[in-house]
Amino acid sequence: CDRIIRVTGPMGDFYNYVNGEWLESVEVGDEAPVWSDSISIGHQVNDEISDIIFSLYRRHYNDGENFAEDSVEKRIINVYSAAANQGYRDKIGFKPVSEQLEAIDRAENLTELLSVMASLNRLGFPTLVAATLDVNVYDTSMYLPSCTIGYTGFEQTSESYADEYREYISALFKLAGEENPQAFAKAATEICLKLSLADREQDTQISNSVTVYDIKEFKKVFKNIDIQEYFKKLGFEKAKKVLVYNKARLDVADGIFVKENLNGLKAYLKAAVLDYS
């Protein structure tokens, strides 16, 4: 490899010519299934953000520094303090999301469940189909509504992932008071597994995985999900174009949204709410 690179340069093994030095020098932690410069930068940014948060927390609680109630610093401290208060979180349990869980339970058909999905999407919870306003990757001067699959539970990289997820989500169902947590976890995991395995190979290829659809063509992508009604509930009814991420995965999601899967979909949505609570 070194000889090829040295003799022929970029006209030889171009991949190793460009990446060889990085591949030889990079250190990947045992906890990381994949690694790249962008992931490394993401870790650095998260560390810097954590340092800022902890610094404000210490300045307020340790040093007695007071910040104005409407200041950004005070807002950060309040959010961090609420998230870090494990005792209070244990006390209230899943009560803050009880309304969302009950709404899922009450859905008697797919039309009602789609309405619940839209409500969850607006609140920031992941659902079967995620829609939001996004930057057009092909023209960053404009924004478009984007659409992709939502909650997958996990990304399947080994057979053990599904079993581990099933155990984890079963524990959450039990904590939330479900009478048959294992059955709910099994149903949710089956859907997550289908979504997780759906056409993952295209994820890194922008031209294959990101497409701008005219709204009329976009509606034809879905056979089971009333995407027009879904977008209307989300406030996107006037959209002329839609940015679609990985249509192959949306095809799988649309195939799951059938009346035979109503109970499974309800278990899946409840798993998404519990997991992100």
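Helix α5 gives the largest share of the lining of the largest pocket, five residues. Helices (H or I, at least four residues) and strands (E, at least two) are DSSP runs, numbered from the N terminus. This is a predicted model, in which local features need pLDDT of at least 70 and side-chain atom pairs count only at pLDDT 80 or more, while totals for chains, interfaces and linings use all residues. Residues are numbered from 1 along each chain as its sequence is written, and side-chain values use heavy atoms, with hydrogens and water left out.

**The largest pocket**

- The largest pocket holds about 470 Å³ of space; a volume is the space filled by probe spheres set on grid points, which are joined across faces, edges and corners.
- On a 1 Å grid over the protein atoms alone, where a 1.4 Å probe is used, a pocket is an open set of points with protein on both sides within 12 Å along at least five of seven lines, and lining residues have an atom within 4 Å of a point.
- Of the 21 residues that line this pocket, R89, I92, G93, F94 and S277 are the closest to its centre.
- Two or more lining residues come from each of α4 (72-84), α5 (86-92), α8 (160-175) and α14 (262-275).
- By class, the lining has 13 nonpolar, five polar and three charged residues; Ala, Val, Leu, Ile, Met, Phe, Trp, Tyr, Cys and Pro count as nonpolar, Asp, Glu, Lys and Arg as charged, and the others, Gly among them, as polar.

**The sheet**

- Four strands form an open sheet with mixed pairing, in the order β1-β2-β4-β3; two strands pair if DSSP finds at least two bridges between them.
- At the edges are β1 (129-135) and β3 (210-214), each of which pairs on one side only.
- Strands β3 and β4 (residues 241-245) run antiparallel and are joined by five bridges; here Y213 stands opposite V242, and D214 stands opposite K241.
- Strands β2 and β4 run parallel, with two bridges between them, and S146 stands opposite L243 in β4.
- Helix α13 (residues 247-256) packs on the sheet and touches β1, β2 (143-149), β3 and β4, where contact means heavy atoms within 4.5 Å.
- The direction of α13 makes about 55° with that of β2; axes are lines fitted to C-alpha atoms, for helices over the stretch in contact, and angles run from 0 to 180 degrees between N-to-C directions.

**Aromatic pairs**

- The structure holds 12 aromatic pairs; rings of Phe, Tyr and Trp (its six-membered ring) pair if their centres lie within 6.5 Å, and planes under 30 degrees apart count as stacked, over 60 as edge-to-face and the rest as tilted.
- The rings of Y57 and Y80 make an edge-to-face pair, because their centres are 5.0 Å apart and their planes are at 75°.
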